[in-house]
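Let us learn to read a structure by asking about its features.

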Amino acid sequence: MHRRNSVISGLTGKLEPLKNPLSIMQTLVARFDLRIDSVCLYNALCQTFIDKVIVGVETQEQLKQNIDVAGEQIPSELFELLEEIDIEQKELLNPSNWVV
């Protein structure tokens, strides 16, 4: 865990361009009274070009929450609004592009 935190700390400034889009995303998700992790997982599960989704959990409760998300219906209106968020540096959405 410590290594992960130090890597993220080193990236903080480089990921600054995502700060505003993430803030907008958090606001939209809250407006629908949902959790951002659930929305992200549900979105991945619904993508036809994604064959498998692997999730990591630390507790049984987290696993149960993830399983529950698979059966949820999240409003398509939310995803339409999320698609409208302008992200100038789209390459930052791919963690493989994060150089410390």
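The dialogue below takes up aromatic rings and pockets in this predicted model.

Q: How is a pair of aromatic rings described?
A: A pair of aromatic rings is described by two values, the distance of the centres and the angle of the planes. Searching the whole structure here gives one aromatic pair. Its rings belong to Tyr42 and Phe79, with centres 6.0 Å apart and planes at 20 degrees, so the pair is stacked.

Q: Which parts of the chain does the pair link?
A: Distant ones. Tyr42 sits in helix α3, residues 36–46. Phe79 sits in helix α5, residues 76–83.

Q: Is Tyr42 buried or exposed?
A: Buried means under 20% relative accessible area. Tyr42 has 10%, so Tyr42 is buried. Phe79, at 18%, counts as buried too.

Q: What is the volume of the largest pocket, and which residues lie nearest its centre?
A: The volume is about 970 Å³. The lining has 24 residues, and Leu22, Met25, Cys40, Asn43 and Leu93 lie nearest the centre. By class, 18 are nonpolar, three polar and three charged.

Q: Which element gives the largest share of that lining?
A: Helix α3, with five residues. At least two residues each come from α2 (19–31), α3 and α5.

Q: What lines the second largest pocket?
A: This pocket holds about 240 Å³ of space. Its lining includes Asp37, Leu41, Val53 and Gln62. Both α3 and α4 (60–70) give two or more residues. The largest share, three residues, is from α4. The classes are five nonpolar, four polar and one charged.

Key: Residues are numbered from 1 along each chain as its sequence is written. This is a predicted model: local features need pLDDT of at least 70, side-chain atom pairs count only at pLDDT 80 or more; totals for chains, interfaces and linings use all residues. Side-chain values use heavy atoms; hydrogens and water are left out. Rings of Phe, Tyr and Trp (its six-membered ring) pair if their centres lie within 6.5 Å; planes under 30 degrees apart count as stacked, over 60 as edge-to-face and the rest as tilted. Helices (H or I, at least four residues) and strands (E, at least two) are DSSP runs, numbered from the N terminus. Buried means under 20% relative accessible area, exposed over 50%, partly exposed in between (1.4 Å probe, protein chains only). On a 1 Å grid over the protein atoms alone, a cavity is a set of points where a 1.4 Å probe fits but cannot get out, and a pocket is an open set with protein on both sides within 12 Å along at least five of seven lines; lining residues have an atom within 4 Å of a point. Grid points are joined across faces, edges and corners, and a volume is the space filled by probe spheres set on the points. Ala, Val, Leu, Ile, Met, Phe, Trp, Tyr, Cys and Pro count as nonpolar, Asp, Glu, Lys and Arg as charged, and the others, Gly among them, as polar.
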